[in-house]
Amino acid sequence: MKFNSKKSICKKNAAVLLIAVVLTISSGSHNGITSAFWSPSQNESIRSRCNTRHSVAHLWAINGSGGADSEKLVIEFLTDHNRDALLRPTVDPSRPILVDAFAPWCGPCKLLDKVLKKSQPRYIGKVDFVRWNVNDAENTALIKSHFIQMGYTLNKLPSLILYREGEPIAVRPGFANEFQLDDWLEKTLPDVLERTFDENGVKLNQLEG
């Protein structure tokens, strides 16, 4: 009888545990599930890990794929499949396109990528930014062929290439910091960008200060 009694208690405990899990899942509480299976100290550790993962996922959603603002700041990759759409946008075909020619193994290219991502918000509506992985020969052969046909060559990585109406018009080889980027774009696009540097490449507001 004692054995049967213990068996009955176990069944009741199992039933209660099952109901608790079902209710927890129904309410969508992951922390509630951990409470049913682990001790308070273990719960705290697991909740901490879960909260950290949730925070990382939330930041990724905001910065990587969420909202209109984040979509504006995405620097798209140029390929043979989308080159016409990116280099000659239908909304404004004459808008300048800044192409960042890079390779994944290139250290200075990674530094320039950070500069471009930081600078891009100031050029929204004036200059579009895109990236060209020159190592991706399979998907960018037509881009390279057209670039060479127009009389240009890539002698250094990274390189910045300006396109207008689907055609390359200028190339700047090598890394550029924010000031150098602004200075070059303003010199090359006087009809689009207001000049904020003097003839020596010094920022005008610095001279005034």
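Buried, in these notes, means under 20% relative accessible area. I'm working from a predicted model, and I started with the aromatics.

**Aromatic pairs**

I searched the whole structure and got five aromatic pairs. One of them is Phe77 with Phe102, a tilted pair with 6.0 Å centre to centre and 55 degrees between the planes. It bridges distant parts of the chain, since Phe77 belongs to strand 1 (residues 76-77) and Phe102 to strand 2, 25 residues apart. Phe102 has a relative accessible area of 7%, so I put it down as buried. Phe77 comes out at 45% and therefore counts as partly exposed.

Next I looked at Tyr123 and Phe129, which also make a tilted pair, at 5.7 Å between centres and 35 degrees between planes. Tyr123 is buried at 4%, and Phe129 is buried at 5%. I also noted one aromatic cluster made of Trp132, Phe147 and Tyr152.

**Charges over rings**

I went back to Phe102 and found the charged end of Arg131 over its ring, 3.7 Å from the centre. Lys203 does something of the kind with Phe179, lying over the face of the ring at 5.8 Å from its centre.

**Helix 8**

Leaving out residues up to four places away in sequence, Leu185 touches Leu98, Tyr123, Leu162 and Leu193. The largest nonpolar core has 17 residues, and Leu185 is among those with the most contacts inside it, along with Leu98, Leu116 and Leu160. Helix 6, strand 4 and helix 8 each give this core at least two residues. Apart from it I found another core, of 12 residues, including Leu78, Leu86, Trp132 and Ile161.

**Disulfide**

The bond runs between Cys106 and Cys109, with 2.4 Å from S to S. The torsion about the S-S bond is about 85 degrees, so I recorded the disulfide as right-handed. Are the two cysteines buried or exposed? Cys106, at 3% relative accessibility, counts as buried, and Cys109 is buried too, at 1%.

Definitions and conventions
Residues are numbered from 1 along each chain as its sequence is written. This is a predicted model: local features need pLDDT of at least 70, side-chain atom pairs count only at pLDDT 80 or more; totals for chains, interfaces and linings use all residues. Side-chain values use heavy atoms; hydrogens and water are left out. A nonpolar core is a set of buried Ala, Val, Leu, Ile, Met, Phe, Trp, Tyr and Cys residues joined through side-chain atoms within 4.5 Å. Buried means under 20% relative accessible area, exposed over 50%, partly exposed in between (1.4 Å probe, protein chains only). Helices (H or I, at least four residues) and strands (E, at least two) are DSSP runs, numbered from the N terminus. Contact means heavy atoms within 4.5 Å. A disulfide is a pair of cysteine sulfur atoms within 2.5 Å. Rings of Phe, Tyr and Trp (its six-membered ring) pair if their centres lie within 6.5 Å; planes under 30 degrees apart count as stacked, over 60 as edge-to-face and the rest as tilted. A charge sits over a ring if NZ of Lys or CZ of Arg is within 6 Å of the ring centre and within 35 degrees of the ring normal.
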